[in-house]
Amino acid sequence: MGIYEELQARGLIAQVTDEERIRDLVNNGKATFYIGFDPTADSLHVGHFMALCLMKRLQEAGNKPIALIGGGTGYIGDPSGRTDMRSMMTPEQIQHNCDCFKKQMSRFIDFSDGKALMVNNADWLLGLNYIEVLREIGPHFSVNRMLTAECYKQRMEKGLSFLEFNYMIMQAYDFYELFQKYGCNLEFGGDDQWSNMLAGTELIRRKLGKDASAMTITLLLNSEGKKMGKTQSGAVWLDPNKTSPFEFYQYWRNVGDADVLKCIRMLTFLPLEEIDAMDKWEGAELNKAKEILAFELTSLVHGEEEAKKAQEAAKALFSTGAAADMPKTELTEADLTDGNIDIMTLLVKCGLTASKSEARRAVQQGGVSVDGEKITDIAHTFAGEDFGGEGIVLKKGKKNFRKVIVK
C-alpha cells in the first residue's frame, strides 16, 4: 500500500485536483508540498494537529514538507470559517507567534539536513508593490468567480472587508512563489481552503504555463458535525503551558463513542490492520480505545513520559479522587465575595460550565461533587479557608474536574 492509499484508508483525503498525478507524486517521494499556518496565537492547537500529522506521514514516505508560516498573511487574516473579522495583530505579536510555531513543529517534522523547510511569507508579501501586484496578478482573478467561493459567500450577509477579500490572492501568490523558489508542486490544506488552493494552481498555470496540484484534508468533525478541538474553557492547545499534558490526555479520553475509532484512524500512527480489528469493539471496549487514542496522541505531542504520567494521573483520579497532575484553577481573594464563593460561580470560573444556568442544572441533577462529596444545594458556598493549602477537587460529571486553589 502506497502512502496515497493509506491516506485514503484513513479517511484523510477530501478533494484533489488531479488524483493520478498526486498519487504518483506522493507514492514515489516526488512531492515537495506545503501547508500554511497563520500565526493567530502563540501556540498551535488541535485544529492544526491533523495537518502536522499529515506532514509527518508524507515526510516518512520520502516527500519534502514546507511549513509556511503566515507572517505576511497574518496581517490580513483568513475569512474562511469566520462570521466576523479577526482582530488586528501588531508586527511584534505576529513575529512572537511565528517563533512559537517553529519550536512546536519540530516535534513532528525533521528539519535537519534540508529534509524539510520552514519559510515565512512575510519575506515576499511585505515587500510587494501594490501597483505591480494589480498589474501582474490582478488580471488573473475574476471577482465574479471569487464571490462564489464558500469562504466569501458565508460572510456576505454580515459584510466582507476589502482587506479580507485579498486573502485568496495572497494565498495563491504564496503557492506561485513557493513553486518558483523551491519547486513546490503540491499544496495541502483543510477542506474549507479549497477555493484558495484552486486559485493558487490556476495562477501558476496562467503565469507560468505549468501544472501544480492541491489536495484538501478532511476536517476533524465529531458525530454532530462540529469541529473538534474545543472545550468549554477554549481551544485545546499543543503548548503544555496553555493546555497541560493531563488536560490534553483527558480531552481525547473523553471523546464520544461514535468518534473514537474515526479519531484513531485519522490521527494516530497505529497500523491499519490493528485499527480495523478495533472496528468490532463496542461497550466497555470503546473505553479501552479511548485510552489508546489519548495515550498515542499525548505521546506524539508531549512525549511518551508525559503521556504515561497523564495516564497514571487519570487512573489515580478515578480510583482515589485525587491526582497531582490534574488541571488546576487558581483563584485569588478578588474572586471571592466577602471571603466566600458559591458553587455556581465556582463552576463557571473553573470553566466546567459555560454559564450559571448550566451550573444550576448540573448541581440540581446531582452531577457536582467536591472532594468526593456530592453538592446538591445551588446556594452552597465555600469560605476561603475551606480550600486549605492543598485546595479542593471539584468534579462535574464523571470526567470533568479541577483542583481549585485560593492564593
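1. The side chains of Tyr34 and Glu187 form a polar contact of 3.0 Å. A polar contact here is a pair of N or O atoms within 3.5 Å; within protein, one atom must be able to donate a hydrogen and the other to accept it, and residues adjacent in sequence count only if both atoms belong to side chains. The model is predicted: local features need pLDDT of at least 70 and side-chain atom pairs count only at pLDDT 80 or more, while totals for chains, interfaces and linings use all residues. Residues are numbered from 1 along each chain as its sequence is written, and side-chain values use heavy atoms, with hydrogens and water left out.

2. Tyr34 lies in strand β2, residues 32-37. Helices (H or I, at least four residues) and strands (E, at least two) are DSSP runs numbered from the N terminus. Tyr34 counts as buried because its relative accessibility is 1%; the cut-offs are under 20% for buried, over 50% for exposed and partly exposed in between, with a 1.4 Å probe and protein chains only. Beyond its neighbours within four places in sequence, Tyr34 has contacts that include Ile66, Leu68, Gln171, Asp174, Phe175 and Glu187, where contact means heavy atoms within 4.5 Å.

3. The UniProt record (unreviewed entry) gives "binding site" at Tyr34, Tyr167 and Gln171. Such positions are in the numbering used here, feature names are shortened, and annotations may be inferred rather than shown by experiment. Tyr167 belongs to helix α10, residues 167-182, and is classed as buried because its relative accessibility is 5%. Its side chain makes a polar contact of 2.6 Å with the side chain of Asp38.

4. Ser213 sits in strand β6, residues 213-217. With a relative accessible area of 0%, Ser213 is buried. The side chain of Ser213 has polar contacts with two side chains: Asp18 at 3.0 Å and Arg21 at 3.0 Å. Residues touching Ser213, other than those up to four places away in sequence, include Thr17, Ile22, Phe175, Asn185, Glu187 and Thr201.

5. Leu25 is part of helix α2, residues 19-27, and is buried at 7% relative accessibility. Apart from neighbours within four places in sequence, Leu25 contacts Lys30, Ala31, Asn63 and Asn185. Leu25 and Asn185 are 160 residues apart in sequence, and their C-alpha atoms are 8.9 Å apart in space.

6. The chain is split into domain 1 (1-218), domain 2 (243-323) and domain 3 (326-404); the bounds come from an automatic or database domain assignment. The centres of domain 1 and domain 2, taken over C-alpha atoms, are separated by 30 Å. Contacts join 16 residues of domain 1 to 18 residues of domain 2. Together the two domains bury about 1,300 Å², 68% of it on carbon and sulfur atoms; buried area is the accessible area (1.4 Å probe) that two parts lose on being put together, summed over both. On the domain 1 side, Arg10, Phe49 and Arg107 lose the most area to domain 2, together 45% of what that side buries.

7. Six residue pairs are in polar contact across the interface of domain 1 and domain 2, both residues at pLDDT 80 or more. The elements giving two or more residues to the domain 1 side are α1 (3-9) and α3 (46-60). The largest share of that side, seven residues, comes from α3. Between domain 1 and domain 2 the salt bridge count is zero, a salt bridge being a side-chain nitrogen of Lys or Arg within 4 Å of a carboxyl oxygen of Asp or Glu.
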